[in-house]
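Below is a short report on one protein model, written for reading alongside the sequence and the 3D view.

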Amino acid sequence: MSKAFSRAAFARALPLALALACFAAPAPAAEITIKIDNFVFTPNDVTIKSGDVVTWVNVDDIPHSIVSKKQGAFRSKPLDTDDKFSFTFTSEGTFDYFCGLHPHMTGKIVVAP
Ligand SMILES: [Cu+2]
């Protein structure tokens, strides 16, 4: 392959490479919904990516809350029926949480790179 040919091929391929690079850009943040019903967080154990948003929705007929075991990571106020609480996870790791009103209710968010 001559230098001239490869340069021309490179020039032709460049727009395609740029287009692919755009597709390779970080995916938009996903939004994950966790339902609270009958004293259970569903899904209970979720793996997400850094930047994703988790929204808890209380569809139970009594109040619940979301409290991170890791002090201060996140904490909702008590959620009445149909109330929501959202948190954007920006650091990797495992975040165990529980209901502040019923501590036996637990769940886990794993934030992968
Ligand atoms: Cu609760």
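Which residue in β4 is the bridge partner of Ile36? The partner is Asn58.

## Basis of the model

The model is predicted; local features need pLDDT of at least 70, side-chain atom pairs count only at pLDDT 80 or more, and totals for chains, interfaces and linings use all residues. Residue numbers start from 1 along each chain as its sequence is written.

Strands (E, at least two residues) are DSSP runs, numbered from the N terminus. Two strands are said to pair if DSSP finds at least two bridges between them.

## The sheet β2-β1-β4-β6

Four strands form an open sheet in the order β2-β1-β4-β6, with mixed pairing. The edge strands are β2 and β6 (84–88), and each pairs on one side only. On average, neighbouring strands of this sheet are turned by 20 degrees against each other, direction ignored; the axes behind such angles are lines fitted to C-alpha atoms, and angles run from 0 to 180 degrees between N-to-C directions.

Strand β1 (residues 31–37) runs antiparallel to β2 and is joined to β2 by three bridges. Within β2, Val40 stands opposite Asp37. Five bridges then join β4 to β6, which run antiparallel; here Val57 stands opposite Lys84 in β6.

A residue is buried if 20 or more other C-beta atoms lie within 10 Å of its own, exposed if 12 or fewer, and partly exposed in between, with C-beta atoms placed from the backbone.

The largest nonpolar core has 12 residues, among them Ile36, Val54, Trp56, Ile66, Phe85 and Tyr97. A nonpolar core is a set of buried Ala, Val, Leu, Ile, Met, Phe, Trp, Tyr and Cys residues joined through C-beta atoms within 7 Å. At least two residues of this core come from each of β4 (53–58) and β7 (93–98). In soluble globular proteins, nonpolar side chains tend to be buried together. Leaving out residues up to four places away in sequence, Trp56 touches Ile34, Ile36, Ile66, Lys84 and Phe85; contact requires C-beta atoms, placed from the backbone, to lie within 7 Å.

## Lys35 in strand β1

Lys35 is found in strand β1. Is Lys35 buried or partly exposed? Lys35 counts as partly exposed because 15 C-beta neighbours lie inside 10 Å.

Apart from residues up to four places away in sequence, Lys35 touches Thr42, Val57 and Val59. Lys35 and Asn58 are 23 residues apart along the chain, and their C-alpha atoms are separated by 6.1 Å.

## The sheet β3-β8-β7-β5

Another open sheet of four strands has the order β3-β8-β7-β5, and its pairing is mixed. One side of β3 and one side of β5 (67–68) are left without a neighbour in the sheet, because these two stand at the edges with a single partner strand each.

For β5, the pairing with β7 is antiparallel and covers two bridges. Phe98 in β7 is the bridge partner of Val67.

## Loops and backbone geometry

The loop between β1 and β2 holds Asn38 and Phe39. Phi is near 50 degrees for Asn38 and near 65 degrees for Phe39. Most residues other than glycine have a negative phi, and most peptide bonds are trans. Asn38 counts as exposed because it has 10 C-beta neighbours inside 10 Å, and Phe39 counts as exposed with 12.

Pro43 lies in the loop between β2 and β3. The peptide bond from Thr42 to Pro43 is cis, with omega near -5 degrees. Asn44 is found in the loop between β2 (40–42) and β3 (45–49). Why is Asn44 classed as exposed? Asn44 is exposed because 11 other C-beta atoms lie within 10 Å. Asn44 and Ile34 are 10 residues apart in sequence, and 7.8 Å separates them in space, C-alpha to C-alpha.

How values were computed
Contact = placed C-beta atoms within 7 Å.
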